[in-house]
Amino acid sequence: MYEPIRSKSVHRMADDAQTTYPHRSREEELDIQLAGHLAALLAVTDELGETEAGELIARQVARLRGAPPARHAGLSGSSAQELHRRAHALAGRALVVAASRADTAAAILAAGRMDAHTAALAGDTPLVAAP
């Protein structure tokens, strides 16, 4: 009734896929995520014109990626309030990832940027993050 299979199967076992594709560790994935959040924060920080904070963030991105980050070239046209809100959210995401990978330097930087953007939104004098 059925003809026997004469060709090799196109399906593979799940274990075979593990050996043929390179996989990243959890730490490598978190490094990539943290560098991405900090690079996005750097773009907003550059747009706000905060050069000192931008340099601190750029140093952390370079440490995580192994190369200096590309700096923000264009302007979004958003208001300062909106930029501060966006930067606060990005710094919060970076803080969560930095805490989960136990990166103290990045966590301190992200927390400092959150404080600075909270102060800017409240109308206080913005704080500068410690190196």
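This is a predicted model: local features need pLDDT of at least 70, side-chain atom pairs count only at pLDDT 80 or more; totals for chains, interfaces and linings use all residues.
Let me start with the overall fold. The protein has 5 helices and 0 strands, so that, by the DSSP assignment, its order along the sequence reads α-α-α-α-α. Of its 131 residues, 31% count as buried, and among contacts with a separation of 6 or more, 63% are between residues 24 or more positions apart. The accessible surface comes to about 8,600 Å², with 56% of that belonging to carbon and sulfur atoms.

Turning to helix α4, which covers residues 80-100, its 21 residues should span 30 Å at 1.5 Å a residue, and because the end C-alpha atoms are 30 Å apart, the model agrees with that expectation. The buried residues of α4 are Leu 83, His 84, Ala 87, Leu 90, Ala 91, Gly 92, Ala 94, Val 97 and Ala 98. An α-helix has 3.6 residues a turn, so residues three or four places apart point the same way. The cover over the buried residues of α4 includes α2 (26-48) and α5 (104-122). After α4 comes Ala 102, with a positive phi near 60 degrees.

Finally, the core. The largest nonpolar core contains 24 residues, and those with the most contacts inside it are Leu 34, Leu 38, Leu 41 and Ile 57. Two or more residues of this core come from each of α2, α3 (51-65), α4 and α5. If we leave aside residues up to four places away in sequence, Leu 38 touches Ile 57, Gln 60, Val 61, Leu 64 and Ala 94.

How values were computed: Residues are numbered from 1 along each chain as its sequence is written. Side-chain values use heavy atoms; hydrogens and water are left out. Helices (H or I, at least four residues) and strands (E, at least two) are DSSP runs, numbered from the N terminus. The expected span of a helix is 1.5 Å times one less than its number of residues. Buried means under 20% relative accessible area, exposed over 50%, partly exposed in between (1.4 Å probe, protein chains only). Contact means heavy atoms within 4.5 Å. Accessible areas come from the Shrake-Rupley method with a 1.4 Å probe; for residues, only the protein chains shown count as cover. A nonpolar core is a set of buried Ala, Val, Leu, Ile, Met, Phe, Trp, Tyr and Cys residues joined through side-chain atoms within 4.5 Å.
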